[in-house]
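This report looks at charged side chains and how they pair. Please inspect the sequence and model below.

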Amino acid sequence: QVQLAESGGGLVQAGGSLRLSCAASGGTISIHNMGWFRQAPGKEREFVAAIWWSSGRTTYADSVKGRFTISRDGAKNTVYLQMNSLKPEDTAVYYCAARAVTMTQYDSWGQGTQVTVSS
């Protein structure tokens, strides 16, 4: 497993932007892809976006397409989530996750960072 540390959450008004960062350390050579998930109060955790480490291919949840962009910096072992046109319903704890090449699901998780969008 790799260690993941998120940063960049905070409070923003609707229509604003935030950029989340997720720094990976330890065993990063084994990463197949990384993703962002979120969990709002009283709701289940949901997928937001993912990026394949070698190819850079990305995929997004329909609810964030056109507003959020996931990217990576291989030299820094860091994944970013640029969030634009934020809505109150984007309010949640955002988690970074990594999937190793030998695994079929995400096996490393960060501690989460709070994003709050006020109306």
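Is R38 buried or exposed? R38 is buried, with a relative accessible area of 6%. Here buried means under 20% relative accessible area, exposed over 50%, and partly exposed in between (1.4 Å probe, protein chains only).

The model is predicted: local features need pLDDT of at least 70, side-chain atom pairs count only at pLDDT 80 or more, and totals for chains, interfaces and linings use all residues. Residues are numbered from 1 along each chain as its sequence is written, and side-chain values use heavy atoms, without hydrogens and water.

The structure holds four salt bridges. A salt bridge is a side-chain nitrogen of Lys or Arg within 4 Å of a carboxyl oxygen of Asp or Glu. Among them are these:

| Salt bridge | N to O distance |
|---|---|
| R38 and E46 | 2.6 Å |
| R38 and D90 | 2.9 Å |
| R67 and D90 | 2.7 Å |

Take R38 and D90, a salt bridge at 2.9 Å. The pair links distant parts of the chain, 52 residues apart. R38 sits in strand β4 (residues 31-39), and D90 in the loop between β8 (78-83) and β9 (92-100). Strands are DSSP runs (E, at least two residues), numbered from the N terminus.

R67 also forms a salt bridge with D90. R67 lies in the loop between β6 (58-60) and β7 (68-73), 23 residues from D90.

D90 is buried at 1% relative accessible area. R67 counts as buried at 10%. E46 is partly exposed at 35%.

Shared partners join R38, E46, R67 and D90 into one network of salt bridges.

Methods: Helix = DSSP H or I, 4+ residues; strand = E, 2+ residues; numbered from the N terminus.
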